Every structure is written in C-alpha cells, then in structure tokens.
Amino acid sequence: MSFTVRIEPSGHTFDVESNESVLDAALRHGYSFPYGCRGGGCGACKGKVLNGTVDYGTNLPPALSEEDVSRGLALFCQARPSSDLSVEIKEVGESDNLEIKTLPTKVQKKEFLSHDVVRLYLKLPEIERMQFRAGQYIDILLPDGRKRSFSLANAPHDDALIELHIRHVDGGDFTGYVMDELHEKDILRIEGPHGSFFLREEAKRPLIFMAGGTGFAPIKGIIEHALAEGLNQPMYLYWGVRTEKDLYLADLPAKWAKHLPHFHFIPIFSEQPSATTPASNAQAIRSGYVHDAVVSDFPEGLEKFDVYASGPPVMVHAGFDAFKKHGLLEDRYFSDAFEFQTPKAK
Ligand code: FES
C-alpha cells in the first residue's frame, strides 16, 4: 500500500510505501529534505504535518516530544504515513549551504573494478548521515594533516554507504596505500560535503555528461539522482578512457542505455584498438578525444544543452574551449576540475 505526500510550499508530490519513512521516499524521488542523523536523534528533519496522520511504532523518536506532536510537528526520517499527507518543510535548494561534517568512517567494502580502480564503500557511524548533493566530493583526512579529495559516486537517496572510485596514480602515496594496504574495517576520517558540481535540475535542458577516467564517479551519482527523480530529457554520457581495459562498471551505463530511450552511452578510447582486439569490437570502438566526439555528434551546435564535465583538468579545459566555440553558452558548462588549487584525484 502506498500514500501520497504533498510538500508545501513547493507543491511537489510523491508516493510513500507503507514500510518507508517520508524522508526515505522523498530522497528516493529526488526531493531534498533537510536531514542529519536519519535515526530520530538530531531533529534536523523536523517539519509540520498540515493534513493526514503519521505513525512511529511504539515510541516517539528521541528528538520528538509530545509537545511537538501536539503542535503538529513530525520527524520525517522516522514518520511513516498512515494516510495521504500534506506536509510543510523547506526543501534544500541549490543555493542552500549543507552542513560540512568531519566524521569517522569504516571501510565496509573494497573491490577492484579494473586493473587500477578500486571502489570503496565507507560506512558512517550508526547515528550519523552526511547530507550531500549528487556530484559533490569529500576530503579524506590523513593523520599527518594532508587531505585527499574524492568525488561521491552514490546519489543522496542511496546514502547508507559512501561510494568512492579511486584510481591508482603513479607515485601517489595515498592511492598506493588504498590499493595495497587499506583493508575492510579500517577507519578513515572524512570531511564533507564540498563542491558545487551538482545537477541544476530546474533547467530541464538536454544533458551531455563528459567523463574522463574516474571522473565517471560524480557523474554516476548525478545520473542516478536524475533517474530517481524521473528526469526524462535526452541524456548523453561520453566516457573517455585510454583503452577498453580502463572502462570499469561499463555494464551500468550500458544498462541505462538499454532500458531508457532518452539515455545514450558513448565510450571513447584515446588509443586506437590494438591488433589483438577482435575485429567486431574494433569496428564498434570510437577513438580520439572525448570532447571531439561530442562536437562531431552534434553538428547543429550545443546551444540547447547543459554540459557536465568531470575528469582530468586538461580534458575539462579542452571541452570548455571546444564547446564554447561550438555554441554552448558559458554558464551551461559545469565542471569540478576548475574548483581545485591542486587537482582532485581522478
Ligand atoms: S532526527 Fe536526525 S535526521 Fe531525523
């Protein structure tokens, strides 16, 4: 059984399953409520029930008093609807600052996605969550005071674990440590969220995503968020890597492309296929610079698009120059490589 929730003052509506909290359903549908712990303890998700009823099981959560209830207040991370609802809460907008937290995390899972890319899943303490926008990044705080920045690869509706894609950088002491010495159950301290690389979803224009290497990570989070929200404008993912063996998790965008008519996945290899590549694969492979592929696929120009680029600064800068010449409006190019004094590990 499901119920319908209407948010005031935005007028957004979404469905909540009977076993789901209002907050979980809102995030699943891409609506950003304020929240902190998602465990009933901090009060950050408190809002008003204007119409309808909610249920908390046997006890009220710690951050909700009887007096709150008598005033019509609810904790949306715990409240399960028992009727259709209308609720009053200020959704978190693009210009709102999210709280930056410093938190210990435990390495829940470490897996190799390719010969040089590791995926880490980090678990936050039971009573903590980190609210973020898809595409933002965190810093890992090293014991000697240095920081290493990595993009969040998961979307906010799927925030039980933090997902990072880490590529081994030659001579990079931290990435070498992650590859060889970091183990599941180890503790990493993180700080975040940071960054302004996130989807401007009000625009509703066709989207081009341009990723280089593990620049796919924040774009994965953004696309998963966009799909959860039901955005259905045309989306084109161009993913540039050196050779086929550098493409990791490629089944995921291939699956999106197979099932969603508005989603297109175009891998681009910077090196020509080798003599050992099977002829059928070699024919299908496009090689060259990823930004050149975008320009050649849209000969009519890029005026109607928003572009999100993430990857090595050289790719991001080349894309900006090429797309601007090809009709893209400057303020419709979003990237994370521009934000850092020292480039983020990609
Ligand atoms: S009480 Fe902390 S997020 Fe709901």
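This text walks through a predicted model of a protein chain, from its overall build down to single residues. Local features are given only where pLDDT is at least 70, and side-chain atom pairs count only at pLDDT 80 or more, while totals for chains, interfaces and linings use all residues. Residues are numbered from 1 along each chain as its sequence is written.

Start with the whole. The protein chain has 8 helices and 19 strands. Both are DSSP runs, numbered from the N terminus: helices are H or I with at least four residues, strands are E with at least two. The C-alpha atoms fill a box of roughly 70 × 50 × 35 Å along the principal axes. The radius of gyration, taken over C-alpha atoms, can be set against a globule rule of 2.2 Å times the number of residues to the power 0.38. For 346 residues, a compact globule would come near 20 Å; the protein chain has 22 Å, which agrees.

Next, packing. A residue is buried if 20 or more other C-beta atoms lie within 10 Å of its own, exposed if 12 or fewer, and partly exposed in between; the C-beta atoms are placed from the backbone. Buried residues make up 39% of the 346 residues. Two residues are in contact if their C-beta atoms, placed from the backbone, lie within 7 Å. Of the contacts with a separation of 6 or more, 70% join residues 24 or more positions apart.

The chain is assigned three parts: domain 1 (2-88), domain 2 (101-194) and domain 3 (201-339). These bounds come from an automatic or database domain assignment. The C-alpha centres of domain 1 and domain 2 lie 30 Å apart. Between these two, 10 residues of domain 1 are in contact with 7 residues of domain 2. The domain 1 side has 3 nonpolar, 5 polar and 2 charged residues. Here Ala, Val, Leu, Ile, Met, Phe, Trp, Tyr, Cys and Pro count as nonpolar, Asp, Glu, Lys and Arg as charged, and the others, Gly among them, as polar.

Now look inside. A nonpolar core is a set of buried Ala, Val, Leu, Ile, Met, Phe, Trp, Tyr and Cys residues joined through C-beta atoms within 7 Å. The largest has 58 residues, and Ile208, Phe209, Met210, Tyr238 and Val307 touch the most other members. Domain 2 and domain 3 both give residues to this core, so it lies between them. Leaving out residues up to four places away in sequence, Phe209 touches Ile219, Ile223, Met235, Tyr236, Leu237, Tyr238 and Tyr308. Another core, of 24 residues, lies apart from that one; among its members are Ile7, Leu23, Cys45 and Leu75.

Turn to the strands. In a regular strand the side chains alternate between the two faces of the sheet. Strand β7 (residues 85-88) has a covered face, Leu85 and Val87, and an uncovered one, Ser86 and Glu88. Two strands pair if DSSP finds at least two bridges between them. Strand β1 (residues 2-8) runs parallel to β7, joined by 4 bridges. In that pairing, Glu8 stands opposite Glu88. Strand β3 (residues 46-51) runs antiparallel to β7, with 3 bridges. There, Asn51 stands opposite Ser86.

Strand β12 (residues 161-167) is mostly covered, with 6 of its 7 residues buried. Strand β9 (residues 117-123) pairs with β12 in the antiparallel sense over 7 bridges. Tyr121 has Glu163 of β12 as its bridge partner. Asp170 counts as exposed because it has 7 C-beta neighbours inside 10 Å.

Finally, the backbone. Most residues other than glycine have a negative phi, and most peptide bonds are trans. A cis peptide bond joins Glu8 and Pro9, with omega about 10°. Pro9 sits in the loop between β1 and β2 (13-17). Another cis bond runs from Gly192 to Pro193, with omega near 5°. Pro193 belongs to strand β13 (residues 187-194).

Lys204 is found in the loop between β13 and β14 (207-212). Lys204 is exposed, with 11 other C-beta atoms within 10 Å. Leu249 lies in the loop between β15 (235-241) and α5 (251-259). Leu249 is partly exposed, with 17 other C-beta atoms within 10 Å.
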